[in-house]
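Student: Could we work through this model together, moving from single pairings in its sheets to the annotated positions and the ligand?

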Amino acid sequence: MAHSRRAHDSRDRTAQETELPGRPAPEAPHLEEPVEPREPLPPKPDQTGPGTYSPTGEATGADQAVLAQSGARLTNTQGARLPDSDHSLKAGERGPVLLQDHHLREKITHFDHERIPERVVHARGAAAHGVFRGYGTAATVSKAHFLGEGVETPVFVRFSTVLGSRGSADTVRDTRGFATKFYTAEGTFDLVGNNIPVFFIQDAIKFPDVIHAGKPHPDREIPQAQSAHDTFWDFVSLHTEATHHTLWNMSDRGIPRSFRMMEGFGIHTFRLVDAGGRTTLAKFHWKPKLGVHSLTWEEAQIINGVDPDFHRRDLADAIEAGAFPEWELGVQTFPDTPEQTFEGVDLLDPTKIVPEEWAPVQPVGLLTLNANPSNYFAETEQVAFHPGHLVPGIDVTDDPLLAGRLFSYIDTQITRLGGPNFAQIPVNRPHAPVNDMLRDGMHQTAVHAGVAPYRPNSLDGGCPFLAGADERGFVETPVAIPQGARKVREAPASFDDHTSHPRRFYLSLTPVEREHVIAAYTFELSKCYENAIKERTLRVLADIDPGLCAQVAAGLGLPAPEPSGPLADVEPSPALSQVGRAWPVTGRVLGIVADGDGDIDAVRTLREAALDADMVPLVIAPKGGRLADGIDVQRTFANTRSVEFDAIVLAGVPAPGDDAYGARDAKAAHGDPDGLTTDPRVLRLLSEAYRHAKVVGGVKGTGEVLGAAGCHEQSPGVVLDSDARNLFDQVAALLRQHRVWDRFPSGDGVE
Ligand code: HDD
């Protein structure tokens, strides 16, 4: 992966760039208000696009960049230049505003309509542009052109939370959306997945129910972006097919460290078609190169207060810094038999998984996110995904959840984006030529040529012509329908197993991960008012694992019920655990605490070692500006918390600064003028990081401060070394495990 050594945080970019070896210092930005027009910036790649006048052919001159914004002079919407945009037209300076002020009315009217309905689910999101490169390995199962060897396809990926509103916090406990738009040469393919491989419901007809239960209560509209409330637990305890998904939500998967460190899943089984027409059933997986990592619950809660945009910022900063996140796309494949099962797992049931140990995930291509959107609303907000956006080689199955989705997504865009022409919005435009015979409608921006948008015709020379499979047409797979099938509102008997898969997931977790699941259930249920809901959930848990049930019951102060019958006999799937593997440290954030009296050589060595390892070093000091020797400060004691960092090292013993918060108070709070006078915010940084099982360390002379923060030298993951390079190497080695897992409570009693 190529990384430029730019600062992780765009706010610090200029400061950091100036000191990087071999990089010319950028010009000082012009911050004064310019008085003369300057050349506008050239459009960014995502601000240009195919001409809007004729999607059926070559652009006819309406350059997107010109349409969006150009010229140095303020104009009205029609391009007429304006002399004033700050004062309404009045009858005299102190007189009434005149109704004839068409400029005032145009400006205010447009503003009044700036908001569009937020997505009914997945309203809160962040996105990026990128590229997908096929490995060619999928050729044996799919003829999709974009999966071909070396084929590069532009993509747009949007990550999201499900329940919260557009302005809600990022690190809530929730499922994360992972939606990818591949602009392929054969048309757009959307893989609209999540970071959890199963879903709450088996049939789309229940989607309004599960979402109504998860959204805030209709009377007070609380809680926001949370599942810790009565209606959610009421529904999932009565509707036990939700148990598997809920268990994943209560695990660490519900609070990812970063979008960059999440797996993604297509969830449904798809039907792949090869060049010879042979079909294979398949499930899609995204595997992050940075590993699968999560926050601790306390971290997530702190971040929701101190940086509600944490995931959004993390993604944008990493891309801006050149630390481009990557995922491998993989497929699990299964023979396309009439039963559509694999090793007893019903492949049409989206609440079930096939363990990777049974069907390995075979890599078929690499996704790299390498550019931030230029405009949030135009792109991230207006992007419209649809599981029915398919290309030749990838077809759907009869999963009843997928069937409903194929209806719902287009429908929702019509409300959300104001009409049926949302595919003409730049971010939604296919990169393949479009000739669809669809005409008119709200927000039609294409000026279609021709007179015969119908078939057959002779007036437009018979165009457009049809394309069969031999001309890369999308031909539905002719799947047999069971003979004598009756029209029923029923599900197959296999859909009734709601316990064996959640049980496998729970048994696959390490003790520390199970502790987190227990804590999450206990927390969420403790937020419910109705005891009956808690008791019903405990009965569900008893059938998953009696130990889990007993511990949650103990936390709630309720008796633990017995399982309703014999427990499902399942083997664990180690691939489901996030703990125990070594991952790259690329893109991880190292906090280096120092003050002017600190060990400047150590600060420099730590920074350079971190940059060499493609990590992101951020210097934390009592105040902003620069340390001695020109080292820039990126964070101050006042503006940061430990949650920003994956590891923290001390390169100085910072005494209270003389900035507004805490200096004198801090000394007073210590009570002992001869005692340790470390700034209390540094002690909090360290003790918090320690509590969250992060690697902490320091150079020589900092042991006492670490000890005062509760980070004792003998404790796991506390590193002291007089040599800064050695210190870094030990910190980085520990960070490969993401956390110092031994530091969490032992998991006693969790089997
Ligand atoms: Fe959905 C959005 C993922 C079931 C109806 N869904 C949406 C998004 C993601 C998913 C990632 C956000 C896309 C974006 O970033 O714009 N949804 C899923 C997955 C599902 C699923 C993985 C099950 C496997 N969804 C599902 C069902 C229905 C919907 C069963 C309705 C019957 N989903 C929608 C929607 C949304 C949506 C209402 C809201 C905004 C949008 O579509 O564009 O149509």
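Student: Which residue is the bridge partner of Val 593 in E16?

Tutor: This is a predicted model, and in it strand E13 (residues 589–593) is joined to strand E16 (residues 647–650) by 4 bridges, with the two strands running parallel. Val 593 takes part in this pairing, and its bridge partner in E16 is Leu 650.

Student: What is the order of the strands in the open sheet of 6 strands, and which strands stand at its edges?

Tutor: The pairing in this open sheet is parallel, and the order reads E15-E14-E13-E16-E17-E18. A strand with a single partner has one side left without a neighbour in the sheet, and this applies to two strands here, so the edges are strand E15 (635–636) and strand E18 (718–720).

Student: In which sense do strands E7 and E8 pair, and which residue of E8 is the bridge partner of Phe 284?

Tutor: Strand E7 (residues 279–288) and strand E8 (residues 326–335) are linked over 9 bridges in the antiparallel sense. E8 is also joined to strand E11 (residues 362–371) by 6 bridges, again antiparallel, and there Leu 329 has Gly 365 of E11 as its bridge partner. For Phe 284, the partner in E8 is Val 331.

Student: Which residues does the UniProt annotation "active site" cover, and why can they be said to gather at one spot?

Tutor: The annotation comes from an unreviewed UniProt entry, and it covers His 122 and Asn 194. They span 73 residues in sequence, yet no two of their C-alpha atoms are more than 10.5 Å apart, so they gather at one spot.

Student: Is His 122 buried or exposed?

Tutor: His 122 lies in the loop between helix H3 (102–112) and strand E1 (125–134). Beyond residues up to four places away in sequence, His 122 touches Ser 160, Val 162 and Gly 177. A residue counts as buried when 20 or more other C-beta atoms lie within 10 Å of its own; His 122 has 23 such atoms and is therefore buried.

Student: Which residues does Asn 194 touch, not counting those up to four places away in sequence?

Tutor: Asn 194 is found in strand E4 (residues 187–194). With 25 other C-beta atoms within 10 Å, Asn 194 is buried. Its contacts are Thr 175, Arg 176, Gly 177, Phe 178, Phe 265 and Ile 267.

Student: Which element supplies the largest share of the shell around the ligand?

Tutor: The ligand is surrounded by 27 residues, the closest being Arg 119, His 122, Arg 158, Gly 177 and Ser 408. By class, the shell has 14 nonpolar, 10 polar and 3 charged residues. At least two shell residues each come from strand E2 (152–161), strand E3 (176–184), E4 and helix H10 (400–416). The largest share, 7 residues, is supplied by H10.

Student: How far apart are the C-alpha atoms of Thr 161 and Arg 220?

Tutor: Thr 161 is found in strand E2 and counts as buried, with 24 C-beta neighbours inside 10 Å. Leaving aside neighbours within four places in sequence, the contacts of Thr 161 include Arg 124, Asp 170, Arg 176 and Ala 225. Thr 161 and Arg 220 are 59 residues apart along the chain, and the separation of their C-alpha atoms is 21 Å.

Student: Against which helices do the buried residues of H14 pack?

Tutor: In helix H14 (residues 546–556), the buried residues are Leu 548, Cys 549, Gln 551, Val 552 and Ala 553. Just after H14, Gly 557 takes a positive phi of about 75°. The buried residues of H14 pack against helix H11 (500–508), helix H12 (511–526) and helix H13 (531–544).

Note on methods
Residues numbered from 1 in each chain as written. Predicted model: local features only at pLDDT ≥ 70, side-chain atom pairs only at ≥ 80, totals over all residues. UniProt positions renumbered as here; feature names shortened; annotations may be inferred. Buried ≥ 20, exposed ≤ 12 C-beta atoms within 10 Å, placed from the backbone. Contact = placed C-beta atoms within 7 Å. Near = placed C-beta within 6 Å. Nonpolar A, V, L, I, M, F, W, Y, C, P; charged D, E, K, R; others polar. Pairing = 2+ DSSP bridges.
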